[in-house]
Amino acid sequence: MEMEGGSSSTSIGIQNDTVSLRQRRSKFMHQFTQQNLPACKPVLTPPWVISMFFVFGVIFIPIGLLCLHASQSVVEIVYRYDAECVPEPLRSNKLAYIKDSSIPKNCTKHFKIQKHMTAPIYIYYQLDNYYQNHRRYVKSRSDQQLLHGLKYDGISTCSPEDVNNGHPVVPCGLIAWSLFNDTYTFFRGIDELRVNRKNIAWQSDRDHKFGKEVYPFNFQNGTLIGGANLDPNIPLSDQEDLIVWMRTAALPTFRKLYGRIEENLDADDVISVNLLNNYNTYSFSGSKTLVLSTSSWLGGRNNFLGMAYVAIGTSFIFIASIFLLLHVKNSRSYGDTTNLSWNWK
Amino acid sequence: MKRFVYINEDNLAHDLYCDNRISNRKYTIWNFLPKNLWEQFSRFMNQYFLLIACLQLWSLITPVNPASTWGPLIFIFAVSATKEAWDDYNRYLSDKKANEKEVWIVKQGTKKLIQAQDIRVGNLVWLRENDEVPCDLVLLGAADPQGICYVETAALDGETDLKTRLIPPACVGIDFELLHKIKGVIECPSPDKDIRRFDANMRLFPPFLDNDVCPLTIKNTLLQSCYLRNTEWACGVAVYTGNETKLGMSRGIPEPKLTAVDAMIDKLTGAIFVFQIVVVIVLGIAGNVWKDTEARKLWYVRYPKEGPWYELLVIPLRFELLCSIMIPISIKVSLDLVKSLYAKFIDWDDQMVDLETGIRSHAANTAISEDLGQVEYILTDKTGTLTENKMIFKRCFVSGTFYGNENGDALTDAELLSAVSSGSTDVIRFLKVMAICNTVIPVQSKNGSISYKAQSQDEEALVRAAARLHMVFVNKNGNFVDIKFNASTIQYEVLDILEFTSDRKRMSIVVKDSQSGKIILLSKGADEAILPHAYTGQQVRTYAEAVEQYAQLGLRTLCLAWRELEDEEYQEWAVMFKEANSSLVDREWRVAEVCQRLEHDFEIIGVAAIEDRLQDGVPETIETLRKAGLNFWMLTGDKQNTAIQIALSCNFVSPEPKGQLLMINGKTEDEVCRNLERVLLTMRITSSEPKDVAFVIDGWALEIALKHYRKAFTELAILSRTAICCRVTPSQKAQLVELLKSCDYRTLAIGDGGNDVRMIQQADIGVGISGREGLQAARAADYSIGKFRFLKRLILVHGRYSYNRTAFLSQYSFYKSLLICFIQIFFSFISGVSGTSLFNSVSLMAYNVFYTSVPVLVSVLDKDLSERTVMQHPQILFYCQAGRLLNPSTFAGWFGRSLFHAIVVFVITIHSYAFEKSEMEEVSMVALSGCIWLQAFVVALETNSFTILQHLAIWGNLVGFYVINWIVSALPSSGMYTIMFRLCRQPSYWITMILIVAGGMGPVLALKYFRYTYRSSKINILQQAERLGGPILSLGNIEPQSRSLEKDLSPLSISLPKNRNPVYEPLLSDSPNSTRRSFGPGVPFDFFQSQSRLSSSYSRNCKDN
């Protein structure tokens, strides 16, 4: 009995709910059709606007300082080597130097760690004036081929690096063809620093964008050699340098991950880097830079966000005070319709 | 060109002239697709989009997937084609209904029932009472032995009174049976659209009379769409059929209307297009230069040494495609969508429902709501539009007693009723005049009730009132009229009818009492036509005062008089009258002169007051709309005095001394010219003063003015805020609309009858009142409303909101397209001017279709000011009228804003996502989400009132953006796989978003606040006042006070429009071709005389106050 009563009452309750829901809905529809929906009309009143600017200004400045702090906490070693690594006598014609494969491209540089660097330390190479976003370049790839390999033959988009000697190129396209091929080895004193070059590409790319069964084929086999060659025995999904390189950059100045040093570097440690200066940036006066950098919650070293926040915060406070001044000095009657004149002429 | 119509000749002329099939269709099944596509592609915008879509098929230059343009393009075309097809199908259905109506015709001597579409020229058509005339006919026979039949021509010219049509003299007396066999030939002009002229000849073949040529006029015709009334049957021969009838010829295909906003949007689109071309050329050249100087050094790009011949074009075309989104393809779809919603709001509006009839307002044309907010001139019909078109006898003054003053209705006045029942002689005589002195025809129906058919609504009102007061006009049999008073029947013989003309301003009737044999002259007419002719000794002052009093109440007055005639006097006069009536030269003038000889020494019996009530709220509506800056022109087929009277009573013209009426009359060019110049001069002088000057012109003068003095008249039209045009034909109404349109004014025409149809179709906006004159106007109109007063709401609320909303929506559409386009342009500077798209195809398509169009669509709910405030301050409409919210300068503001926002988004994105974060897909999504955030806040900032739907749309859209992108990011095959998840995990992404919003919106908010507070527009001030919530003081609040004062002053007047106009009104309809002989040529009717009376009455009224 009890149960029954309970259940019936709940069903009535549900019924009531549906009825009131329907009523509410029809009321809503009526208000809608009569353009009479309850509305709030925010008006830009001086107190509201002034306090808004003030509050946001006050909030923004600390955020900016926080960002600046994070950015400053990143330790960064930047070394541009493209000019330095050309032997002195050849500097007048760097292009000839880089194109002459008989000249050894080795180059060594020592630098001192200024500040303690906590692992992981990211190794980037930075290219300047390099247009990975050029339309001819960005379009010259085939995502399908990267995933399916030779099974996919609609690679006309890869032109002019699609077919070589009558065989399709895997991976095709200008991007893959121009793969960066400078290499770096690091020494602390005389010990080689272990550089982890695994997991530098995105996991998702390795898993879903680059085929595990796809091996390089007919690559860099043409008359014109672009950048690095690929080991035809390693599937594309494991060619992490390629995967990183094929994530094209949107800006002409960009950094790409080369590897990670997974031990701390102490201040005053002397690091020497042994690099192979293979990649041609001389023909278009681009630059190559090696970067060692730690990381913060905000990413690498970039003062822009912090500075922008501080600047906007201060300007908001400035605007707020100007409006406050205007409001106090010029307390004109607000919303006064008595002097409303309708003389349009 | 002439056509010869052989009557009843079946095998002749069949192929010469078209059949009677009416067709209003635009397409056939076969030509629909090509014709419709051709029409759509004749629009510049569509050509542009098609070109872009075609260019996108070339993969070398396309930055994105071609589907992103083809999809929307096909969708848009399908939508408009479907709409056209549906409209045409409906036209086909209504044509079919008219074409398949069955009519009786004579074939081979026998009557046959055929479909209306099969009528051929030369066929004999038989009509019965209340039949609609299926084609243009020449009358040959009618039930009436004298060959008279009555037609209602409302559908043709909008005049509701019955018109008489005559059988041509040659056919009078032909027997019913013989009519079947009638043969003859009619020589008539080729079809034209003049409904006032039909100059033809007829010759009947033997054995029917002789071979004499019988002239035909319009009086001998029955025109298509008229109705046969009060005539048992009529028969005629078809002379014009199908689309060649007078009606068919004058039925133009209404041009699709383009609103001012649309025109402005087209103009802005053109400007953007030019801008785009400039950008494309500049970037194209820059791109080619950069390619030759820089890109050739980029070995990894591998530019070939020798390109194909079109190489120089490739980069400019790429930029053309990149920039093609500058012109938003979605704008047409979203505009169509919101426009149909505006129309729905009008349909739904509960405050625009006519409670009496339950008729809702309806927007038939869904595309022009914004124009309602930009109207400058309203051209209105009078009868049925401003007035209710119901004449009602309200009061009377008989032998020193006012009846009906207490309760405003004499018919229920106990005093009058008791006077009737007690048989007071004066009252009885008064009622007799009311009942007899007219040309009304009583029609007795089977159940004994009597209805009256009258040419004049006033006469009908009098007869009805008399019947209510037990003086029932029962029967008219030839010359004998029967009147039933209480139980007794009195019979009179009508000896003569002294017809009404507008010059005589009175009509009289001479009757003989069948019992006593007494001959009596009964007269009724305007006071100035009756009172001066009272017999010497009668005190007319009281009557004059009564007339004055009634006129002040806005009633139309009639003085009723009578005189017993001596037998000899009458006989003597009757001879003269007959003579005058048969004279061939100057007949009208002679008749008038003879009449005058009889109409003297009247015994004034009383004054009857008739009300043609203004519709509820007409004066208030006009006053409000005039305050809103709208100019009113009244175009009426009615008489000048009536027009002026109505104009005064409904606030058309401001009261003295502010208002002034200037008359333009004249029958000759010279007169009109002189008048016109005089009026123009006055106008020029007074235009600087805050004076309200209106001109009054009649149809004749108008025709001359339009023909010969068009320039002067146009100047006058521009100078004058108010005009009253009387006695104008439907085509003149349309010409006036055309004239105002040619001066670049936005016109709204409102009317209720068939005579307004052309004006309604001609005007930028046509509003029809679904009234007593049928639904023609409402059907032809863009908007149909139940009552004139809804016009106020239609314009001030719906029109204004629609304009505001469209202004925002269209500019915003350009803003968002420009925003993304500018970013693409900026990006090209850092991508070697090679035409790379920063955004991927999915984002670009979804940006226009989903991300940015949803929030802005709910701006159809935005209200900048509440309806109440707008009604109280109708002047605010000026912002819409003058197009202050959508013009090149406001557009420049939006342009600047999108440029600024593009800079903010771009600079912040490329700086915060620099170096190791500069991955293409990520940067692209950061920039895109920056745009989405900004546009959400822009919509929020520009929204004046937030309903729940707006919140849902704006913020829900923002959430929707992330949901969509998360979904796309979850698809491994998509280019942006995992991108959005990656970004959302980065604190720097969110910090960047907040920075973009703050950097983009801070200055915009500051600027808006500054202008809102320190350079506030009137809208802003009212918004602030609304916010303060206090009573909004303005003229609007003073108004009701003055009105209530007036009520105190005259407690007798209930629900009567305020009016103190003593322009006495001849109440009977006069013939349109009557000449104003009595005034003499060259002397224009001087209104200033009555003006002085007007002012005196005003001043007295003021004293009373």
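A salt bridge is a side-chain nitrogen of Lys or Arg within 4 Å of a carboxyl oxygen of Asp or Glu. Three salt bridges join chain B and chain A in this predicted model. One of them links A:Lys41 with B:Glu1026. Their closest N and O atoms are 3.2 Å apart.

**The interface of chains A and B**

The contact takes in 103 residues of chain B and 84 residues of chain A. The size of an interface is often given as the accessible area lost when the parts come together. Here the area buried between chain B and chain A is about 8,100 Å². Carbon and sulfur atoms give 66% of that area. On the chain B side, B:Trp299, B:Tyr300 and B:Arg302 supply 11% of the area that chain B buries against chain A.

Which helix of chain B gives the most to the side that touches chain A? Helix H34 (residues 987-1014) does, with 17 residues. The side of chain B that touches chain A divides into 53 nonpolar, 31 polar and 19 charged residues.

**Strand E30 of chain B**

Strand E30 covers residues 722-726 of chain B and is mostly covered itself. Five of its five residues are buried. In a regular strand the side chains alternate between the two faces of the sheet. In E30(B), B:Thr722, B:Ile724 and B:Cys726 point one way. B:Ala723 and B:Cys725 point the other way. Residues on both sides are buried.

E30(B) pairs with two strands, listed here with a partner of B:Thr722 from each.

| Strand of chain B | Residues | Sense | Bridges to E30(B) | Residue paired with B:Thr722 |
|---|---|---|---|---|
| E27 | 631-635 | parallel | four bridges | B:Phe632 |

**B:Leu179, a loop residue**

B:Leu179 lies in a loop of chain B, between strand E7 (162-166) and strand E8 (184-189). Is B:Leu179 buried or exposed? B:Leu179 has a relative accessible area of 1%, so this residue is buried; the cut-off for buried is under 20%.

What does B:Leu179 touch, leaving aside residues up to four places away in sequence? The contacts include B:Leu124, B:Trp126, B:Leu140, B:Ile174 and B:Trp233. B:Asn8, B:Gly141 and B:Cys235 are also among them. B:Asp503 is 324 residues from B:Leu179 along the chain. The C-alpha atoms of B:Leu179 and B:Asp503 are separated by 41 Å.

Terms used:
Residues numbered from 1 in each chain as written. Chains lettered and ligands numbered in written order. Predicted model: local features only at pLDDT ≥ 70, side-chain atom pairs only at ≥ 80, totals over all residues. Heavy atoms only, no water. Buried < 20%, exposed > 50% of the residue type's maximum accessible area, 1.4 Å probe, protein only. Contact = heavy atoms within 4.5 Å. Pairing = 2+ DSSP bridges. Buried area = accessible area lost by both parts, 1.4 Å probe. Nonpolar A, V, L, I, M, F, W, Y, C, P; charged D, E, K, R; others polar.
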